[in-house]
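The sequence and the coordinates are displayed first for reference.

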Amino acid sequence: MEQILKFENVSKSYPNGVHALKNVSFNVKEGEFISVIGPSGSGKSTILRSINRLIPISGGSVCLDGVSVSDQKGRKLRELRRKVGMIFQNYNLVYSLSVLQNVLHGCLGYMNGIRGVCGMYSEDDKKKALALLEELGMEQFAYNRASDLSGGQKQRVGIARAIMQEPKLLLCDEPIASLDPSSAKTIMDLLRDMTSKRNIACIVNLHQLDVAVKYSTRIIGLSKGEIVFDGVPSELTDEMIERIYGTSRENLMIGASANE
Amino acid sequence: MNKRIPVGVSGQKKMYTAFIIVAVILFVLTTLYTNFNPMTLIENGDAFVSFITEDFLPPALPKSSRIPGVLSSVLVTLALAFSSTTFAAIFAFFTSLFGSEKVSPFPKLAKIVRGFATFLRNIPALVWAFILFSSLGIGTGVGFAALFITSYAFMVRAFVETIEDVSQDCVESLEAVGASFPQRVIQAILPSCLNGFLSWFLYCIEVNIRASTIVGMVGGGGVGLTLFTYIKGFQYDVALSIILLIAAMVIIVDRITGRLRKEIAK
Amino acid sequence: MEQTIVQNTAKQTDNNAVSKKEKKIPVGCRQKNKFIPCFMAGTVLLTVISLMYLEIDWIKLASRVPEIGKVFAELAHFDFSNMDLIFSSMLETISIAVLSLLYSLILGVVFGMIAARNILRIKWLSVLTQSLFTFLRAVPTPVWVLLMLVCLGMGPEAGVAGLCVHTTAFFTKTFAQSFESIPDETLEALEATGTSRISIFVNAVLPAAFSQIAAWTGMRLETNFSECAVLGMVGAGGVGFVISRNLQSYEYGTAGLAIVLVFAVAYCIERLFVAIKKKIAQ
C-alpha cells in the first residue's frame, strides 16, 4: 500500500508558550481509517491542522504524498491542500449559500482566475456535486439554504464538500461532537463507506472511545502532545486508556460497544 | 451589633456601589472645576421663557424667494451624507479584509490596519473638517472628505468585527479546500457577511445625516450652513422652522433605514 | 442521426461542447432575498445622482491634495509653549462631557420612567414624552448649544445645557426600552402584593435594568466627549475652540498638539470601556 502521509519528529509550540506537539512521528497508508483520541488540549486539533498547514509547525517535517508541507507557499500550498479534504466540528459551511454551492466549494482549489472567484462552476462539476448529494441522501435539499438544515444534514454537506475535492486524505476534526447519537452514527457510517469506496485515507479526531474502537483500523492515542499509543483497536487495553486519559477507565464515560 | 443581612446578588451590589461612588466623585470634581451651578439655569428661567416665547415662537418661514434655496440645501446635506457613506463603505470593505489576523493573507499587517482606523475614528468629523478646510479650502468637497474619513474608519472596525464573528469558520474551511484569497472573499466572506455589512452601512447613514448637518455649519454647505446663517443673523423664528425641517429630515431617514434593515434581515 | 451522436457523446462527461447545449444547472438557493440586489443597485444609483447634484470640483480638490501633506507635516511640529492652555481647555471639555452625562443620566431615568409604557401606565403622557424626545434627538447637538449660547452667554452652562438636551433625549429612549423589556408578569406579581408604582420602579425595574443603563452610559461618554470636543468649533469654549482658532491663525503646532490630545483621550475612553465590557461579559 502506498504511503500518503509521513510525520517526522513534528513539534509545535504556540506563541503563548504552550507545547501542543512534542516530537510526533507516524505514517499513514492508503485506505487507513485512523482515530486520534486523547483528552482536550492533548494536541489532536493541532495534528490535523498541521497536515494541511492551517497551522504552521515549529519543528520536524510533514510529508504529504512525498512533498514536504512546510516548504510550500501560495499556489503550491493550495495544490497540496486540494489533496486533503477536511471536515469540521461546526461544519463551517457558508450558511447564506445553497447546499449545492457549498458542495461546489470543494472544487475551488482546482479553479483559477475569474471563474473560480465568481463561482462559475462547470456543468460536469455540478453534475458530480448533485450525484454526491444523492449518494448522501441529500438531493432534495440541494437548493435549500445551508442555514435551514439540521446538524446531521449540515455535516453531510461538509462530507460532500470534502469528497468533491477528490482528496487522497480526509481529516475530520471531531465530526460528531455537536450531533445527536443517531445522526452521529449516520455520519460515521457515511465517512467509513465513502472513504473505503474511494480508497481515501481518513484521520478522525474523536472524543468517543467506543466509536473509535468500532470504526477505525488503527488508533493513535495522544497525551500532552505525545503519542502514547499507536495500534489496532484490539490492542487498546485498559492500561493504555489510563495512560492516554490519565485516569482509570471507570472514571470515563464510554459507550456500551467498547465494553464488549 | 448585628451585621446587616445583604439581600442582593453579591457581585451586583458591588458594581452598583462602585458605579455610584465613581459617579458622585466625578460629579463633585467636574462641578468644582467648571463652577457649573444648575441654579443659574433656573435663575435664568425668565430669559429662557422670554427667548422661547418672543424670539423663537412662532416659527416663521424664510422669505419666499429663499425657500427653494433652503430646500436645495437640505438635498445637499442628504446627498453629502449618502454619497460619502457609500464610498466609505466600499473602501472600508476592501480595507477590512486585511484587518483581521484570521482572515487576512498578511496577518502581520492586520494590527497596522486596525491601528490606522482607530486613529482616524477617534478624531471627530468636525476636527477633520477643520484640518481639511485649512488645506483644501471651504466647500462641499471638503465636507464630503471629512464625512468619508470618519465613516470609513468606523466601518472598518465594524466590518472587521462582523467578519471575525461570522465568517472565520467558513474561511478556514475554504482555506482547507485550497481556495485562493479572492475566492475566499467572494465565496465565503461576502455571502455570509453581506447582511451585517449592509446593516452597519444603514447605521452609518443615520449617523452621517446628523454629522453632515454639523459639518455644513462650519463651511461644508447644506442645511447646516443655512441654519447657522439665520442664527448668526438673529432670525431665530426662521431658524426654528429650519430646525424643524432638520428634525423632520432626520426622523424620516431613520424611519426609512429602519424599514430597510428589516427587509434586509428577511 | 445528429441526435444519436449527441447522445453518444453526452456519455463522455468531459465533452464541453455538448454540456453547453444542455440546460445549465442552477446552483443558487431556491428562496432568495430579492430585496438585497435591488437595495444595492438603488444605493449605487442614488450615490451617482447625489454626486452629480453636489457638483464637487474634483480636479480642483485633487490639485490641492499635496497641501494636506504639508498641513499634516506642520501639525506634527508640536508647539509645547501653550501647553497649559491646551490642558486647561481639555479638562474643561472633559468636565463638561462628564457633567452633562451625569445630569442626563438622572433626567433620563426620570423621563425614561415616564416614557416607558409599563411603569406609570399613563398612555398619553408616555406618547407625548416619546414624541417630544424624538424631536429633540433628531436635532444635532451643536444646534442646541448654539441656542443655549444665545440664552445663557459664553460659559460651561451653555455647553452642559446644550449637551444635556441631546443626551437626555437619547437616554430617555434607550432607558424606556430597557424598562419595557421587563416582563409584565413580574410587574403584575409585585403589584399584586400592593406595592406602589414608584416603589416597584425603584426596587424591581431599576435594578433589573442597571447593567443596561451602565452599558449605555459608557457608550454615551464616548459620543459626548467627541461632541464636546467639537462644540468649541461652533462658538462654545473648550478644546475645540483652541483647535479651530489655532488652525485659522495658522498656528499648526498648537493645533496639532491639541488634536493629538483629543485623540489620546478618546482612545483611552474607548479602551476603558472595551475592558469594562469584557469584565462584565465574563
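The points that follow treat the fold of one chain and then the contacts between chains.

The model under discussion is predicted. Chain A contains nine helices and 10 strands, and 47% of its 260 residues count as buried. Chain B takes part in a contact with chain C, to which each of these two chains gives 57 residues, and 18 residues of chain B also touch chain A.

**Overall form of chain A**

- The radius of gyration of chain A is 18 Å, which agrees with the value near 18 Å that a compact globule of 260 residues would have.

**Strand pairing in chain A**

- Strand β9 (residues 218-223) of chain A runs parallel to strand β3 (residues 33-37) of chain A, and four bridges join the two.
- Within this part of the chain, A:Ile37 has A:Gly221 of β9(A) as its bridge partner.
- β9(A) also pairs with strand β10 (residues 226-231) of chain A, here in the antiparallel sense and over five bridges.
- A:Ile219 has its bridge partner in β10(A), namely A:Gly231.
- The hairpin formed by β9(A) and β10(A) has two residues between the strands, and A:Lys224 adopts a positive phi near 50° in this hairpin.

**Contact between chains C and B**

- This contact draws 57 residues from chain C and 57 residues from chain B.
- On the side of chain C that touches chain B, the largest share is that of helix α3 (residues 35-54) of chain C, which supplies 10 residues.
- The class composition of that side of chain C is 42 nonpolar, eight polar and seven charged residues.

**Contact between chains B and A**

- Here 18 residues of chain B meet 24 residues of chain A.
- On the side of chain B that touches chain A, the elements giving two or more residues are α8 (168-177) and α9 (181-220) of chain B.
- The greatest contribution to this side of chain B comes from α8(B), with eight residues.
- By class, this side of chain B comprises nine nonpolar, six polar and three charged residues.

How values were computed
Residues numbered from 1 in each chain as written. Chains lettered and ligands numbered in written order. Predicted model: local features only at pLDDT ≥ 70, side-chain atom pairs only at ≥ 80, totals over all residues. Contact = placed C-beta atoms within 7 Å. Nonpolar A, V, L, I, M, F, W, Y, C, P; charged D, E, K, R; others polar. Pairing = 2+ DSSP bridges. Rg over C-alpha atoms; globule rule 2.2 N^0.38 Å. Buried ≥ 20, exposed ≤ 12 C-beta atoms within 10 Å, placed from the backbone.
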